[in-house]
Amino acid sequence: MAMPAQRITATYRIETAYPLDEAVETMAGEQSTGTFVRLPGETDEMRALYGAHVERLTELETVGAPSLPGAGVPKGLEGKPVWRRAEVVLSWSLDNFGVSLPNLVATVAGNLFELRPFSGLRLLDIGLPEAFAEKYPGPKFGVAGTRRLAGVERRPLIGTIVKPSVGMGPEATAELVRVLCDAGIDFIKDDELQADGPHCPFEARARAVMRVIDACAERTGRKVMFAFNITGDLDEMRRRHDLVVELGGTCVMASLNSVGVVGMVELGRFSQLPIHAHRNGWGYLSRAPELGWSYVAWQKIWRLAGADHMHVNGLQNKFCEPDESVVASARACLTPMFEGKPCTVMPVFSSGQSAKQAAGTYAALGSADLIFAAGGGIMGHPDGPAAGVGALRDAWEAALAS
């Protein structure tokens with residue numbers, strides 16, 4: 001159903017023992033004009049203009065037990081509830097909160113998840129008017145800019161993560177980077193656990209690493225992209241970003257759930273480098289299948305805020321996410337958000353990746369626009385990191401040629 005240009009939509013999967021129409025109206029009221037009683041001044045005209053609209057309600061299957069604790073049961077049905085699932089689309093007028101990502105999140109994912117009528121509620125997708133594309137920076141580099149800075153065309157960027165995650169000082173980190181650069185790596189990132197600890201201060205690490213990367217670039221004519229983890233408060237992120245720019249670095253990294261929407265929006269506005277967006281903590285938003293966020297919805301927030309790369313897990317990963325979910329997440333990153341401003345970003349495959357997943361990843365995604373990052377798959381290679389890089393490069397060459 002085509003929506004007016006100035007309305008925001010959100011699609012949910014719900015589970016409830018209440019009549020579906022009643023439960024959905026509770027959702028709409030909670031996140032707009034309504035409450036559990038009609039209030040003085042809450043006119044029919046106000047509800048029509050500013051109340052959330054139920055655009056679509058599609059009943060799905062029934063289940064024998066509630067998926068989540070604490071869910072209510074209608075009076076009179078305590079002994080024989082039926083738990084129904086449905087997909088619902090709500091919409092809101094842009095006039096409710098304006099063009100604001102923080103307030104968008106408060107509206108589409110605010111108090112809904114703990115409402116008593118629901119034994120399940122998951123945000124599946126959001127649809128935004130062009131006004132969001134006009135206000136927010138979106139990715140400044142994305143796929144094309146990342147490829148240009150890394151000097152890699154037509155194939156994935158082969159990447160790795162500094163391992164051990166913590167414990168190495170600046171010079172030891174730089175020596176590992178030297179080995180990887182000599183092996184022909186395209187991309188290296190700090191682990192998300194390594195930011196600016198006393199054992200490995202950010203400035204000392206950045207200077208040591210960039211000396212090695214610059215020396216390699218002088219020999220080869222190609223500068224390895226290193227994503228320095230600048231996660232911190234706003235002033236810290238700005239100072240660390242500015243140092244990376246001063247040193248000639250080509251990428252910075254931030255942990256999305258740590259810096260939040262406002263932190264990422266501000267970083268996106270002042271960054272002069274691609275932003276490698278790490279999703280650590282994603283599991284607490286998504287692991288329960290009937291609660292939280294779908295990645296398809298979640299990643300749109302960060303793309304608008306300015307992320308250029310987004311982690312999507314990997315095939316046959318070490319976590320609990322199935323392969324089909326990983327592929328759907330990666331496809332979402334490469335799917336345009338707006339006609340005039342695609343905001344497409346480079347998906348980052350990681351987590352238990354090695355040469356064995358290259359062919360399957362390419363076959364499932366159908367695109368080489370990705371970063372393929374292997375930590376143990378490179379660092380733990382029996383013949384050393386250089387052999388690990390070579391194995392991944394060979395595997396991807398074979399996958400692209402098939």
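## Pocket lining and helix packing

The lining of the largest pocket divides into 14 nonpolar, 18 polar and nine charged residues. Here Ala, Val, Leu, Ile, Met, Phe, Trp, Tyr, Cys and Pro count as nonpolar, Asp, Glu, Lys and Arg as charged, and the others, Gly among them, as polar. This is a predicted model, in which local features need pLDDT of at least 70, side-chain atom pairs count only at pLDDT 80 or more, and totals for chains, interfaces and linings use all residues. Residues are numbered from 1 along each chain as its sequence is written, and side-chain values use heavy atoms, with hydrogens and water left out.

The largest pocket holds about 840 Å³ of space. Of its 41 lining residues, Arg279, Trp282, Asn313, Phe319 and Glu321 are the closest to its centre.

| Helix pair | Angle | Axes apart |
|---|---|---|
| H7 (residues 202-220) and H8 (residues 234-247) | about 25° | 10 Å |
| H9 (residues 256-270) and H11 (residues 295-305) | about 35° | 8 Å |

Axes are lines fitted to C-alpha atoms, for helices over the stretch in contact, and angles run from 0 to 180 degrees between N-to-C directions. Helices are DSSP runs (H or I, at least four residues), numbered from the N terminus.

Contact means heavy atoms within 4.5 Å. H9 brings Leu256, Asn257, Gly260, Val261, Met264, Val265 and Gly268 to its contact with H11, which supplies Trp298, Ile301, Trp302 and Ala305. By class, this contact of H9 with H11 has eight nonpolar, three polar and no charged residues.

Methods. Helix = DSSP H or I, 4+ residues; strand = E, 2+ residues; numbered from the N terminus. 1 Å grid on protein atoms, 1.4 Å probe; cavity = no way out; pocket = protein on both sides within 12 Å on 5 of 7 lines; lining within 4 Å. Points joined across faces, edges and corners; volume = space filled by probe spheres on them.
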